[in-house]
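Trainee: I would like to learn how to read a ligand site and a fold from coordinates. Where do we begin?

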Amino acid sequence: MTKALGALLCLKLASLAYAAESRPRGVSPEFAKYYKDPNTFSCISKPTVQIPFGRVNDDYCDCEDGSDEPGTSACAHLSSYSPQTPDNVNATLALPGFYCKNKGHIPSYVPFTSVNDGVCDYEVCCDGSEEWEGVGGVKCEDKCKDIGKEWKKHDEARHKSLTNASKKRKDMVAQAAKSRKEVEDRIQTLGTQIEGAEIKLKGLETELADVERQEKGKVVKSGSGKKGGKMSVLVDLAKDRMEELRENLIRVREERDSSRNRVQELEDILTTFKEDYNPNFNDEGVKRAVRAWEEYAAGDKGPVVEPARDRDLDEVTKSDKDNGLDWEEYEGEDESDTDVLYAFENYLPPTIRTWLDTRLRDLRVTLIESGILADTSSASATESKAVTDARNRFTTAEKDLTSQRKDLKSHTEDLDKDFGPDDVFRALKGTCISTDAGEYTYELCFMEKTTQKAKKGGAHTNMGNFVRIERIVVDEDLPANGKGLGSGERIAMKHEGGQHCWNGPNRSSTIVLACAEENEIWKIMEEEKCVYRLEVGTPAVCEVLGGGKKEGGRDEL
Ligand code: MAN
């Protein structure tokens, strides 16, 4: 430091010391400039009103703004509620209060009503200077040293806590950025995957259509499971039926022959009987039997047995082969419509056969599609394995694509969602904190929901799901432990659409946040039936040290 600078500093300090000494009682350095003239004092709000300087602090209120009584309570009665003076001077006090120097601690103003009221106001005026008159014998010793020391200790702790909280917030912001990046990366990956999946799905769709088309073009065999076409089936059936008829014809013929023989035998017996019986013997029963026989013998004898017919039957009942019908010639023949077309392929060279095969299949499909040929492939109850496999591949790929698209949508929405200043609440998403209050435990899961759980058990009650972040203005006393909202603008989270309240609305909650070192629920209120308010501390809303940000943070911490 140069000599000249040193001299200048000394001069300045000396003049400050003089100013402090020369300030009237109760005047702060801020207002000292109004009290410089040792002869005259001009009222601060209305300088045209001037009084001799000796009337400053003479315990009589001369100025309408009370500025002539900075060190007494003579003007304490003035307030903005006082009736306006005739010349429209605002009755508000010009000074904030009696200035306590509080050496060793922090200077402050005490209300003029407290000056010389016989009570030491150490909370504001630790040096006791506002009780300078010793009213009622009161003597307020200067306690600034001890109070200042205690305050400093607390202040250091508060500062440390704020530093920690700010650091935690920084970490949260970094974590949030990381999470955001992860979401962005996932979106990019999903975009690429979806593009690939779309191409794959298109391919599988074409493949399925092709397989279905090919299957349609294929010759469909009989549903009986037997080999061969419809003709083969008919041959099998006809052969079985012929066999059945032959067997029955033979059996009926045998029965006929047996009956015929027995009738012949009976007729022979009766003929003999008629010839041999004694007509002179008067037996009415015998005579009646003979008459009946004679009538029978005279009647119609039925068709004459022609040996030629029997010979015919002999021939008919011989095997089909003996009758010129060789079933084997018809069995195994593929009589389907397309096979008739294919039959001559066997004589063609392979390349032409393949070409022809494709054309024929296409022709068949075209005929089916135009309704000329019946689509026997779709009519069959079970589709071919090839179609099933192709369909399965297609539906699996389709499902994958749908789930990837859903994923992409939810990630994109997540990215657009308001996660508060610096995206900080992204880091807290899903973090849950809880506290007991009355008969319930209350739980807050950041960016998700609030829940009320009865301590004695039972179902949990949803108090609302996160919908948005808002800003609200609060004005509350800050408790000594600092766990409170204080006053100013705060970040609040709105949770809505919770469990319906009997005879009331759906439950909802407002979570008002203030800066704290830890995430903690401080207070819970049910402001109206099923409308809850939670006061919560979190580093997420702390002011960033040196960053100039005051996003909902609590400056008082
Ligand atoms: C439960 C709790 C209370 C609420 C009543 C309303 O007891 O959710 O907070 O006030 O239901 O019936």
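Mentor: Begin with residue classes: Ala, Val, Leu, Ile, Met, Phe, Trp, Tyr, Cys and Pro count as nonpolar, Asp, Glu, Lys and Arg as charged, and the others as polar. Note that this is a predicted model.

Trainee: How do the residues of the shell around the ligand divide into these classes?

Mentor: Four are nonpolar, one is polar and three are charged. The residues surrounding the ligand are Y440, Q452, C501, R507, E526, K529, C530 and Y532.

Trainee: Which side chains place a polar atom close enough to a ligand oxygen to count as a polar contact?

Mentor: The cut-off for such a pair of N or O atoms is 3.5 Å. An N or O atom in the side chain of Q452 is 2.6 Å from a ligand oxygen. For Y532 the distance is 2.7 Å, and for R507 it is 2.9 Å. The ligand taken alone exposes 310 Å², and the protein buries 69% of that.

Trainee: Why does the end-to-end distance of helix α7 agree with its number of residues?

Mentor: Helix α7 covers residues 350-369, and at 1.5 Å a residue its 20 residues should span 28 Å; the end C-alpha atoms are 28 Å apart, so the two values agree.

Trainee: Which residues of α7 are buried?

Mentor: Buried means under 20% relative accessible area. In α7 the buried residues are L356, L360, R364, V365 and I368.

Trainee: How many helices and strands are in the protein chain, and what share of its residues counts as buried?

Mentor: The chain has nine helices and twelve strands. Of its 557 residues, 32% count as buried.

Terms used: Residues numbered from 1 in each chain as written. Predicted model: local features only at pLDDT ≥ 70, side-chain atom pairs only at ≥ 80, totals over all residues. Heavy atoms only, no water. Near = heavy atom within 4 Å. Polar contact = N/O pair within 3.5 Å; in protein donor to acceptor, adjacent residues only side chain to side chain. Areas by Shrake-Rupley, 256 points an atom, 1.4 Å probe, with all protein chains shown as cover. Helix = DSSP H or I, 4+ residues; strand = E, 2+ residues; numbered from the N terminus. Expected span 1.5 Å × (residues − 1). Buried < 20%, exposed > 50% of the residue type's maximum accessible area, 1.4 Å probe, protein only.
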